[in-house]
Amino acid sequence: MQIFPLFIPHVGCPHRCLFCQQEKTTGQSGAWDPSVVAEYLDRLLPRSGFGEVAFYGGTFTLLPEERQREYLCVARTFVAAGRIRGIRLSTRPDALEDRHVALLGEFPVQTVEIGCQSFSCTVLSLSGRGHTPNDAGKAVDRLRRAGISIGLQLMPGLPGADRAEALYSLDKALALQPDFLRIYPTVVLAGSGLETLFRLGEFTPLTLEQGVDLGAEMLWRCQQAGVPVIRMGLQATDGLEGETGVVAGPYHPAFGQMVRSRLWRRAFTRAIREGRTDGAVCLADLSDALGQKKQNVEYLRRFSEKFSIMTREDVPRGHVCFGSGPISLMEMASYQGIQD
Ligand code: SF4
């Protein structure tokens with residue numbers, strides 16, 4: 001599914017959440033005037049296609065109703081022309097009351113992404129979110145009744161959170177059976193309320209290593225539940241680079257790959273423990289299996305000088321061969337009862 005994003009940073013938000021600084025994360029400031037949206041989309045969209053125009057950032061469903069209709073009407077004309085299949089937007093769990101969902105139902109809105117961030121009352125409160133864990137469940141029920149696909153967003157590492165909270169919140173999110181998840185480990189952005197707490201020594205973000213390690217277990221759990229993770233870690237933008245972007249926390253432009261590589265590392269570590277001397281993967285998985293700058297190879301040398309990672313054409317994607325038939329990465333990297 002190709003997504004054509006239109007960012008409307010902070011527009012419609014009832015307040016500024018502690019961690020949020022959307023000018024940095026979207027690389028854009030200010031809202032789109034509906035009068036220029038049509039012109040922009042006309043330039044952006046293919047002549048025909050099956051993608052979605054996405055209104056991201058801010059709290060779309062808390063915009064004045066007239067403004068929501070203006071945006072949605074413009075996007076609908078491109079659906080009618082066959083240039084996209086539908087509309088997608090992001091919003092807060094407490095901004096999806098029946099009346100909000102009814103309005104979306106008047107338009108070809110196919111997907112709504114809900115910023116849950118956490119299912120812990122304490123973490124939500126400390127992060128200044130202003131909603132409760134239960135709001136997400138109610139929002140999901142309403143969207144599902146309206147036939148709209150649902151994505152949930154989580155932010156491990158917020159104030160008051162730890163690994164147990166991250167896995168608890170993930171379990172709660174998965175129990176709602178979303179169509180997909182996005183996982184963004186919390187980073188400290190310049191200009192955010194979290195930066196103030198960080199500078200005062202009152203908030204310590206996850207390190208990159210902790211974020212990757214936690215992300216790997218979360219990804220594994222999502223795979224077990226059959227829920228795709230369509231994004232792991234913030235998308236790199238110019239606004240995130242340098243001292244005026246990410247101040248601290250587990251940010252890396254290749255965060256998603258580092259998480260996938262961690263699962264391969266886990267699988268190969270287990271293989272070495274079981275006495276294997278090499279593992280074959282398909283070419284498409286090789287980069288993840290070797291790790292960023294071959295970090296997995298370096299790590300595995302601690303346990304075995306002999307173990308090698310190679311490619312073989314007949315190994316399916318997401319699998320590894322140790323001589324006999326392919327074994328799935330998720331089985332080899334299992335978090336059930338096996339330690340790294
Ligand atoms: S996290 Fe969402 S609701 Fe909070 S300020 Fe940012 S865009 Fe608005």
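Modeller: A crossing is left-handed if the near helix is turned anticlockwise from the far one by less than a right angle, and right-handed if it is turned clockwise. The model discussed here is predicted, so that local features need pLDDT of at least 70 and side-chain atom pairs count only at pLDDT 80 or more, while totals for chains, interfaces and linings use all residues. Residues are numbered from 1 along each chain as its sequence is written.

Colleague: Is the crossing in which α2 passes α3 left-handed or right-handed?

Modeller: Helix α2 (residues 34–44) and helix α3 (residues 65–80) pack with their axes 9 Å apart and at an angle of about 20°, where helices (H or I, at least four residues) and strands (E, at least two) are DSSP runs numbered from the N terminus. The axes are lines fitted to C-alpha atoms, for helices over the stretch in contact, and the angles run from 0 to 180 degrees between N-to-C directions. α2 and α3 are therefore roughly parallel to each other, given that angles under 35 degrees count as roughly parallel, over 145 as roughly antiparallel, 65 to 115 as roughly perpendicular and the rest as oblique. In passing α3, α2 makes a crossing that is right-handed.

Colleague: How many nonpolar residues does the contact of α2 with α3 have?

Modeller: Two residues are in contact if their C-beta atoms, placed from the backbone, lie within 7 Å. On the α2 side, Pro34, Val37, Ala38 and Leu41 meet Glu70, Tyr71, Val74 and Phe78 of α3. Ala, Val, Leu, Ile, Met, Phe, Trp, Tyr, Cys and Pro count as nonpolar, Asp, Glu, Lys and Arg as charged, and the others, Gly among them, as polar. By these classes, the contact of α2 with α3 has no polar residues and 1 charged residue, and its nonpolar residues number 7.

Colleague: How many charged residues are in the contact of α7 with α9?

Modeller: α7 and α9 (residues 208–225) have their axes 11 Å apart and pack at an angle of about 20°, so they too are roughly parallel to each other, in a crossing that is right-handed. The contact is made by Arg163, Ala166, Leu170 and Leu174 of α7, together with Leu214, Met218, Arg221, Cys222 and Ala225 of α9. By class, this contact of α7 with α9 holds 7 nonpolar and no polar residues, while the charged residues number 2.

Colleague: Which residue just after α11 takes a positive phi?

Modeller: In α11, Asp285, Asp288 and Ala289 are buried. They lie on the same side of α11, because they cover an arc of only 100° around the axis. What covers them includes α10 (255–273), β10 (278–281), α12 and β11 (308–311). Just after α11, a positive phi of about 90° is taken by Gly291.

Colleague: Is Lys294 buried or exposed?

Modeller: Lys294 is found in the loop between α11 (283–290) and α12 (295–301), and its phi is positive, about 60°, although it is not a glycine. Because it has 12 C-beta neighbours inside 10 Å, Lys294 counts as exposed.

Colleague: What distance separates the C-alpha atoms of Thr132 and Gln177?

Modeller: Thr132 lies in the loop between α5 (121–126) and α6 (133–145), where it counts as partly exposed with 15 C-beta neighbours inside 10 Å. Gln177 lies in the loop between α7 (163–175) and β6 (180–183), has a positive phi near 50° without being a glycine, and is partly exposed, with 13 other C-beta atoms within 10 Å. The two residues are 45 residues apart along the chain, and their C-alpha atoms are separated by 19 Å.

Methods: Buried ≥ 20, exposed ≤ 12 C-beta atoms within 10 Å, placed from the backbone. Arc of directions from axis to C-beta.
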